[in-house]
Amino acid sequence: MQTRTLGSLSVPAQGLGCMGMSEFYGTADQAEAERTISRALDLGVTFLDTADMYGPFTNERLVGQAIAGRRDEVVLATKFGNERGEDGGFLGVNGRPEYVHRACDASLQRLGVEVIDLYYQHRVDPTVPVEDTWGALRELVEAGKIRHAGISEAAPDTIRRAHAVQPVTAAQTEYSLWTRDPEDDGVLATCAELGIGFVAYSPLGRGFLSGTIRSREDLERGDFRRGNPRFRGEALEHNLALVDRVRTIAEEKGVTAGQLALAWVTAQSGRGGNPAVVPIPGTKRVRYLEENAAAAGVALTDDELRRIDEAAPVGAAAGDRYPDMSSVHR
């Protein structure tokens, strides 16, 4: 597994998103999830991404348990800011400095570690100046509780303001062949200008780009994608055509549609002046983890990149990324 540098943090060229192991993507299987994390470390996929709100709280405990005894191998990332209660209820976005400190201490305890490698502001709190939130993150760095700070789904101006208080190591935003917004909204350009790395979550379009989802009935009851605008009605039919175009190119190359989609995201690292780009595909099963990890070795020619860009240009997907887009890109 090759490496990339996010700010001053060295990570593998592909990470692992752990969210779906605990919530949102149907039935959870903790034993299989732990096997998946262990296999990821064996394959060099040592950049693990979790958050306190996944579960809630159970995903951090799962990750902590899975890496016990192998902590030194792992670049561990978690997040705060999407506040939830013990009953799972959503309490809103919280960026208050005192909350940042409490949330970090709680995450350290659940993860069973002494320091978090990369601590993200999960969503920007519009009621709290980002400078105040990032002042708290600077204090956490100074206290040795976190090594690096990141921000998720933030607008370019917000990233700049945060970076002026405490260096932003990584900006995390959805990025894939059906979500190319960061190319168009200034986020990638801002990261490149400031020396910030870019972490692409949902690089497989929440599994859609793998080509295995053809209808909402392919998703388990309770899977949050059933309510996602891109998986419904006319938007679904439109997006299936996009996936079919990607699959055609993948078949010609002898890889899966998902591997081609991941290889495309990986290829954006440094392309056209981009910053370092690291995808963190999520999975809860070993076999998909192995398929995804193999994509890191798939090289794309300039002609293949051109064809993929034509098959899935900016704005090609139909439907919003979330039912409620109010908390992203603040």
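1. In this note, contact means that heavy atoms lie within 4.5 Å. The model is a predicted one. Keep both points in mind as you read.

2. Start with Thr46. Where does Thr46 sit? Its place is the loop between helix H1 (30–42) and strand E4 (47–49). Setting aside neighbours within four places in sequence, Thr46 is in contact with Pro12, Leu41, Glu73, Val74 and Val75.

3. Is Thr46 buried or exposed? Buried means under 20% relative accessible area. Thr46 has 13% relative accessibility, so it counts as buried.

4. Now the largest nonpolar core. This core has 80 residues. Leu16, Ile37, Leu48, Tyr119, Leu137 and Ile151 touch the most other members. Which helix gives the most to this core? Helix H8 (residues 233–253) does, with 7 residues.

5. Look closely at Ile37. Residues up to four places away in sequence are not counted here. Ile37 then touches Leu16, Cys18, Met21, Leu48, Val63, Ala66 and Ile67.

6. There is also a second, separate core. It has 16 residues, including Phe47, Ala77, Tyr201 and Ala276.

7. Next, a helix pair. Helix H3 (residues 97–111) packs with helix H4 (residues 130–142) at an angle of about 40 degrees. Their axes are 8 Å apart. Why is H3 called oblique to H4? The packing angle of about 40 degrees makes it so. The crossing of H3 and H4 is right-handed.

8. Check the residues in that contact. H3 brings Pro97, Val100, His101 and Cys104. H4 meets them with Asp132, Thr133, Ala136, Leu137, Glu139 and Leu140. By class, the contact of H3 with H4 has 6 nonpolar, 2 polar and 2 charged residues. Leu137 of H4 is also one of the residues that touch the most other members of the largest nonpolar core.

9. Another pair is H8 with helix H11 (residues 302–311). Here the angle is about 165 degrees, and the axes are 9 Å apart. Angles over 145 degrees count as roughly antiparallel, so H8 is roughly antiparallel to H11. The crossing of H8 and H11 is right-handed.

10. Which residues of H8 and H11 meet? From H8 come Leu242, Arg245, Ile249, Glu252 and Lys253. From H11 come Glu304, Arg307, Ile308 and Ala311. By class, the contact of H8 with H11 has 4 nonpolar, no polar and 5 charged residues.

Definitions and conventions. Residues numbered from 1 in each chain as written. Predicted model: local features only at pLDDT ≥ 70, side-chain atom pairs only at ≥ 80, totals over all residues. Heavy atoms only, no water. Core = buried A, V, L, I, M, F, W, Y, C linked by side-chain atoms within 4.5 Å. Buried < 20%, exposed > 50% of the residue type's maximum accessible area, 1.4 Å probe, protein only. Helix = DSSP H or I, 4+ residues; strand = E, 2+ residues; numbered from the N terminus. Axes fitted to C-alpha atoms, helices over the stretch in contact; angles between N-to-C directions. Parallel < 35°, antiparallel > 145°, perpendicular 65-115°, else oblique. Left-handed = near helix turned anticlockwise from the far one by under 90°. Nonpolar A, V, L, I, M, F, W, Y, C, P; charged D, E, K, R; others polar.
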